[in-house]
Amino acid sequence: MSPLEFYNITKEKLNQLAGIYEIKNLEEYYELTDYNKKMPTSKYKDLSQVFAQLAFHGQNGAKIGNTVNFNANIVALDNELCKFNPGKFLKKYNLTEINKDNKNSKDNKKRIEDASETLSKRLCKVLHRKAKNPHLPRYAKTLLYSAIYVHSFNNKQEIIEDLKKNYLKENYKDAKKLIDYFRKQIPVGFRAALACDFLKEFDKSFDLPKPDTHLKNTLNCKKEYECINKMINLTENINKSLKDEEKLTVYKFDRMIYLVCSQNFFLDKKDRNSIEKIYLEKIRS
């Protein structure tokens, strides 16, 4: 199968599903969805928004996502995390003088570890989870390291520029360099897939796929960086056969594949309404 045939089949199946699920606007899925007004991360501004995005994507794996459930628990998280203000959050745990450059000192790592234990217990309480939940200690560290990284800058644009220094957008090796740098800043909670999940939604400069289970199965890849490389090359080859106004970004094609495989039109049906429910609503009306 040629790259163009692959794209056309994906497009055809997605349009069929959009019709079944009564999705009126697929185009909004091809823009950075973190900033869509339907998403809870959209209501925050500047550094607080970045911290909220990191908190959201840091729990966007299957097991930890079921534990944190960011969308359902946004009010509780907003209260506990000081409205996602990184400075106020770090002050709450006496960590304001720690920054991205000194976080790895022996003393600071110990302080972060101690703070994470306290935060983990707080999260168990506000999220109504068992005291020994296996996922929340890791998530607590993700939140603390995320806040430390974000608080090291004066505004969101400075963070974008910091990340862009490690990304030339030429091939997957540049993507790996960016992901490796990002993971050094937030060393707990972000494997390559979740790092891509955040970066691709953070700014259009980072045109990346998320090498999750759906994409790996579709591209028949086992390794995450192999999947990223294959997706970048595939999109490039597809674009050779498309007119300028039709050309794809990696982000868009990745989203198309995700929607086909997951059938999770998250901007339209937050509760993942089933075909059965849509069918019953139609016949009852």
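Select K176 and Y225. K176 lies over the face of the Y225 ring, 5.2 Å from the ring centre. Keep in mind that this is a predicted model.

Now turn to ring against ring. How many aromatic pairs does the structure hold? The count is 16.

Select Y44 and F84. These two form one of the aromatic pairs, with 5.0 Å from centre to centre and 70 degrees between the planes. The pair is edge-to-face, because planes over 60 degrees apart count as such. Colour the chain by secondary structure and see what the contact joins. Y44 sits in the loop between α1 (3-20) and α2 (46-57), and F84 in the loop between α4 (74-80) and α5 (86-92). The pair links distant parts of the chain, 40 residues apart.

The cut-off for buried is under 20%.

Next, select F182 and F198. Their ring centres are 5.4 Å apart and the planes meet at 15 degrees, so this pair is stacked. F182 belongs to helix α9 (residues 172-185) and F198 to helix α10 (residues 192-202). Here, too, distant parts of the chain are linked, 16 residues apart. F182 is buried, with a relative accessible area of 1%. F198 is buried, also with 1%.

Technical notes
Residues numbered from 1 in each chain as written. Predicted model: local features only at pLDDT ≥ 70, side-chain atom pairs only at ≥ 80, totals over all residues. Heavy atoms only, no water. Phe/Tyr/Trp six-rings, centres within 6.5 Å; stacked < 30°, edge-to-face > 60°. Helix = DSSP H or I, 4+ residues; strand = E, 2+ residues; numbered from the N terminus. Buried < 20%, exposed > 50% of the residue type's maximum accessible area, 1.4 Å probe, protein only. Lys NZ or Arg CZ within 6 Å of the ring centre and 35° of its normal.
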